[in-house]
Amino acid sequence: MSEIRPFPNAPQIKIDPRRIFIGIGVVFIAIGLFSGIYQVPANSVAVVQRFGGYLKTAEPGLHFKLPWGIDQITIVEVERRQKLEFGTATQGASNQYQYEEDYNEQQREKNMVTGDLNAVLVEWEIQYHVEEPIAYVFNVRDPLPTLRDLAEAVMREVVGDRTVDEVLTIGRQEMELKALERLQALTNGLKMGVHIDQIQLGDVNPPAGVKASFNEVNSSQQERESLINQASGEYNRVVPRARGEAVQKTSTAEGYAAKRVNEAEGDATRFKALLAEYLKAPEVTKKRIYLETMSKVLPSVPGKIILDEKASSFLPLMNLRQPAPQPPAADPKLPAR
């Protein structure tokens, strides 16, 4: 029997192994070249590692790295302020460590005990940015979970050092500053390369069972503060005015006293001078004093008559001051003549 071939006239294809290896090498090199190109966003830098060791820090833009795991790139956002939330959650966050997705874990975070052994629910957030990217990448294995744990520990410490009234009312700002100072000191001690920009307290409430009582207490305290402010305003309005009036009256009295003293001193000086003149010429001085006194007294005396000492009678002169007689009025009932 003869051998039957399915395609007796088909051409023979010869495969060269060298071309196969060359093609595979070209594809491999092309993949390596394309995988070696990376881009750093505008608000970030790239920490480049070669065989696990630090190589350089790449600025924003396009860069090339050795492929196949020789160079490793870690993108670190250094120009963006980030935040971590505790006891609450803002949906849609790009940072997976920004908040706890588990509701029970959120409740655990905000349940705290104050220094006077009262329970309180505290929500807060921290805002931070990466200040030293090399320290952020190398000094701490998991920086964001570590930062969350540190922030929670610091806030529990701050709340535990204060009474429930301070936590709920007057101590919020002081607590924020104290927590910021303490958390920054801890991150600096661990050399995390993170700068804490701000710590903000959110809702701070007592547990649901005693919330109504705490609200009544807060309302009373607010009313007390309102009355104190009103009293202070009235004090600031009345007291300065009274002080001004007192100063004015004091100044008036001092001026009057100075005036009276000066007048008394002037009168004393005048009397001494007059006495000296009287001792020199008593008659002349008495006559001058008499004339001066009369010149002051007579103008104020009404209806005065001055007579010569040689006049024989006072009555004829008195008749001159009588008014002239008036004719009687005509009777309207009588006929006119």
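**Contacts, pocket and backbone**

Reply: Gln39 touches Gly61, Leu62 and Ile75, once residues up to four places away in sequence are left out. The model is a predicted one.

Me: Is Gln39 buried or exposed?

Reply: Gln39 belongs to strand β1, residues 37–40. Its relative accessible area is 58%. The cut-off for exposed is over 50%, so Gln39 is exposed.

Me: How far apart in space are Gln39 and Phe64, C-alpha to C-alpha?

Reply: In sequence, Gln39 and Phe64 are 25 residues apart. In space, the C-alpha to C-alpha distance between Gln39 and Phe64 is 8.6 Å.

Me: How many helices and strands does the protein have, and what percentage of its residues is buried?

Reply: The protein has nine helices and nine strands. It contains 337 residues, and the buried share of them is 22%.

Me: What share of the contacts with a separation of 6 or more is between residues 24 or more positions apart?

Reply: The count takes in contacts in the protein with a separation of 6 or more. Among these, residues 24 or more positions apart account for 64%.

Me: Why does Asp71 count as buried?

Reply: Asp71 is found in strand β5, residues 71–77. Buried means under 20% relative accessible area. Asp71 counts as buried because its relative accessible area is 4%.

Me: Which side chain makes a polar contact with the side chain of Asp71?

Reply: Leaving aside residues up to four places away in sequence, Asp71 touches Val48, Gln49, Arg50, Leu55, Lys65 and Leu66. Within this group, the backbone nitrogen of Leu66 lies 2.9 Å from a polar atom of the Asp71 side chain. The side-chain to side-chain polar contact of Asp71, at 2.7 Å, is with Arg50.

Me: What is the phi of Lys191?

Reply: Lys191 lies in the loop between α6 (172–190) and β9 (194–205). At 58% relative accessibility, Lys191 counts as exposed. Lys191 is not a glycine, and its phi is positive, at about 55°.

Me: What is the volume of the largest pocket, and which residues lie closest to its centre?

Reply: The largest pocket has a volume of about 320 Å³. Its lining has 18 residues, and the closest to the centre are Thr74, Ile75, Val76, Tyr136 and Leu144.

Me: Which element supplies the largest share of the lining of the largest pocket?

Reply: The elements that each supply at least two lining residues are β5, β8 (119–130), α3 (133–138) and α4 (143–160). By kind, the lining divides into nine nonpolar, six polar and three charged residues. The largest share, four residues, comes from β5.

Me: Is Asp102 buried, partly exposed or exposed?

Reply: Asp102 sits in the loop between β6 (82–86) and α2 (103–110). Asp102 and Ala89, 13 residues apart in sequence, have their C-alpha atoms 10.0 Å apart. The relative accessible area of Asp102 is 43%. Buried means under 20% and exposed over 50%, so Asp102 is partly exposed.

Me: What is the relative accessibility of Thr285, and which residues is Thr285 in contact with?

Reply: Thr285 is found in helix α8, residues 282–297. The cut-off for buried is under 20%, so Thr285 counts as buried at 3% relative accessibility. Leaving aside neighbours within four places in sequence, the contacts of Thr285 are Leu274, Glu277 and Tyr278.

How values were computed
Residues numbered from 1 in each chain as written. Predicted model: local features only at pLDDT ≥ 70, side-chain atom pairs only at ≥ 80, totals over all residues. Heavy atoms only, no water. Buried < 20%, exposed > 50% of the residue type's maximum accessible area, 1.4 Å probe, protein only. Polar contact = N/O pair within 3.5 Å; in protein donor to acceptor, adjacent residues only side chain to side chain. Contact = heavy atoms within 4.5 Å. 1 Å grid on protein atoms, 1.4 Å probe; cavity = no way out; pocket = protein on both sides within 12 Å on 5 of 7 lines; lining within 4 Å. Points joined across faces, edges and corners; volume = space filled by probe spheres on them. Nonpolar A, V, L, I, M, F, W, Y, C, P; charged D, E, K, R; others polar.
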